[in-house]
Amino acid sequence: MESKNVLIVDDDEAILDLFNLVGKKLGLNVVVAENGYDAFKTFGYMDYFMAITDLNMPKTNGIELIWKYYYSKRSNNFVYDQKRKRES
């Protein structure tokens, strides 16, 4: 059985490490990127079964990344995480 490609995009290294570890244990081919710009560069040579992205990142944010992927691949297999700031 061929391993499915999963893209994880987050500027938090701990999140990338966690998803990378879990994905590999599940037999997935995990590709990680620290921001939307670096993730977008992989679209030309990788197809993804699913992508998980943070929304608030430098260079290209998660919303921009989702739209770029949708228009380049016509896919909507994205899950996003929005870290909300707590008000004191």
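Modeller: Quick ground rule before we start: helices here are DSSP runs of H or I with at least four residues, strands are E runs of at least two, and both are numbered from the N terminus. This is a predicted model, so local features need pLDDT of at least 70 and side-chain atom pairs count only at pLDDT 80 or more, while totals for chains, interfaces and linings use all residues. Residues are numbered from 1 along each chain as its sequence is written, and side-chain values use heavy atoms, leaving out hydrogens and water.

Colleague: Okay, in what pattern do the helices and strands follow along the protein chain?

Modeller: The protein chain has 3 helices and 4 strands. Read along the sequence, they give β-α-β-α-β-α-β.

Colleague: S1 and S2 pair up, so what handedness does the crossover from S1 to S2 have?

Modeller: S1 and S2 are paired in the parallel sense over 5 bridges; strands count as paired if DSSP finds at least two bridges between them. Between S1 and S2 the chain passes through helix H1 (residues 13-25). With the strands pointing away from the viewer, a path from the first strand over the helix to the second that runs clockwise is called right-handed, and this β-α-β crossover is right-handed.

Colleague: How many residues are in the largest nonpolar core?

Modeller: A nonpolar core is a set of buried Ala, Val, Leu, Ile, Met, Phe, Trp, Tyr and Cys residues joined through side-chain atoms within 4.5 Å. Buried means under 20% relative accessible area, exposed over 50%, and partly exposed in between (1.4 Å probe, protein chains only). The largest core includes Leu 7, Val 31 and Tyr 69, and its residue count is 12. Strand S1 (5-9), strand S2 (29-33) and helix H3 (62-73) each supply at least two residues of this core.

Colleague: And which residue partners Asp 38 in a salt bridge?

Modeller: A salt bridge needs a side-chain nitrogen of Lys or Arg within 4 Å of a carboxyl oxygen of Asp or Glu, and the count comes to 1. Both partners lie in helix H2 (residues 36-41), 3 residues apart, about one turn of the helix. Asp 38 is partly exposed at 27% relative accessibility. At 3.5 Å, N to O, its partner is Lys 41.

Colleague: Last one: is Tyr 70 buried or partly exposed?

Modeller: Tyr 70 is found in helix H3. Its relative accessible area is 32%, so Tyr 70 counts as partly exposed.
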